[in-house]
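Subject: Structure handover, with notes

Dear colleague,

I am passing on the structure we spoke of, and I would be glad if you could read the notes below with it open beside you.

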Amino acid sequence: MKLILLGAPGAGKGTQAEIFSKRLNIPTISTGNILRAAMKNGTPVGLQAREYVESGKLVPDAVVIGIVQERLAEPDCADGYILDGMPRTIPQAEALESCGIEIDCALSIEVSDDVIIERMSGRRTCPDCGASFHVRSNPPKQDGVCDLCGAALTIRADDAPETVRARLATYHQETEPLKAFYAARGKLKTVDNQPTIEATTAEIARALGL
Ligand code: AMP
């Protein structure tokens, strides 16, 4: 199974990718996670990406395409993978095609902008272990402290409300046209975000015929 997850930032792609990665026993390739790790480690890619990621802009296509081509060549991708957060532009989708990559399905998780803004304004992230909380729907046991490692929780720089709005505008302009791109190839499936993670998982499983 070669699956692409589409959807606005905060739609739950990462959460669902992890669930289906375990269920299907294939890796998730999250360009956001790869870029954040590169930034944390101060690699040349990380240094190049920082100003884009922190201001909510897309990292240039050439950088992302290079990262993904390298990752997909690793042996654990031989039986399939889930792409989370890539492609995000038509040129990225065309680059996948011109590498001979034929995906089985592009699945879009549909969520309104209002729900996204509410969700992301409450997200709190542990800078040390990466755990994610939400002030209302998934609060830590002690306010502002990571349940897992005890570090002080922070707001991801790109989760600040004005940056979320910029990311949503970029999503509608650059990424949403990918739905028509994959629909034209008979590969698009859409599911509506549900009130719980489990219910959204069930909808995706149904759409994929699992
Ligand atoms: P995410 O964790 O998927 O929300 O990604 C966080 C940030 O990483 C995005 O706002 C972009 O700045 C950058 N990024 C991740 N994936 C891509 C991509 N495929 N193309 C360009 N930029 C990306």
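This is a predicted model: local features need pLDDT of at least 70, side-chain atom pairs count only at pLDDT 80 or more; totals for chains, interfaces and linings use all residues.

Residues are numbered from 1 along each chain as its sequence is written, and side-chain values use heavy atoms, with hydrogens and water left out.

The ligand is surrounded by 16 residues, the closest being Thr31, Lys57, Gly85, Gln92 and Arg167 (a residue counts if one of its heavy atoms lies within 4 Å of the ligand). By class, this shell holds 6 nonpolar, 4 polar and 6 charged residues, where Ala, Val, Leu, Ile, Met, Phe, Trp, Tyr, Cys and Pro count as nonpolar, Asp, Glu, Lys and Arg as charged, and the others, Gly among them, as polar. Helix H2 supplies the largest share of the shell, 4 residues; helices (H or I, at least four residues) and strands (E, at least two) are DSSP runs numbered from the N terminus.

A ligand oxygen lies 2.9 Å from an N or O atom in the side chain of arginine 36, and a ligand oxygen is also 2.9 Å from such an atom in the side chain of arginine 167. For glutamine 92, a nitrogen of the ligand is 2.9 Å from a side-chain N or O atom. Of the 480 Å² of accessible area that the ligand has on its own, the protein covers 94% (Shrake-Rupley method, 1.4 Å probe).

Turning to the helices, the axes of H2 (residues 31-41) and H3 (residues 44-55) come within 8 Å and cross at roughly 115 degrees, with axes fitted to C-alpha atoms over the stretch in contact and angles running from 0 to 180 degrees between N-to-C directions. Leu35, Ala38 and Met39 of H2 meet residues of H3 including Val45, Ala49 and Val53, contact meaning heavy atoms within 4.5 Å.

H6 (residues 113-121) and H7 (residues 161-175) pack at about 145 degrees, with their axes 10 Å apart. Among the residues in contact are Ile116 and Met120 of H6 and Arg167 and Leu168 of H7.

Finally, a cis peptide bond, with omega about 0 degrees, joins methionine 86 and proline 87, and proline 87 is in the loop between strand E3 (81-84) and helix H5 (90-98). Asparagine 25, although not a glycine, has a positive phi of about 60 degrees, and is found in the loop between helix H1 (13-24) and strand E2 (28-30).

With best wishes

Conventions:
A polar contact is a pair of N or O atoms within 3.5 Å; within protein, one must be able to donate a hydrogen and the other to accept it, and residues adjacent in sequence count only if both atoms are side-chain atoms.
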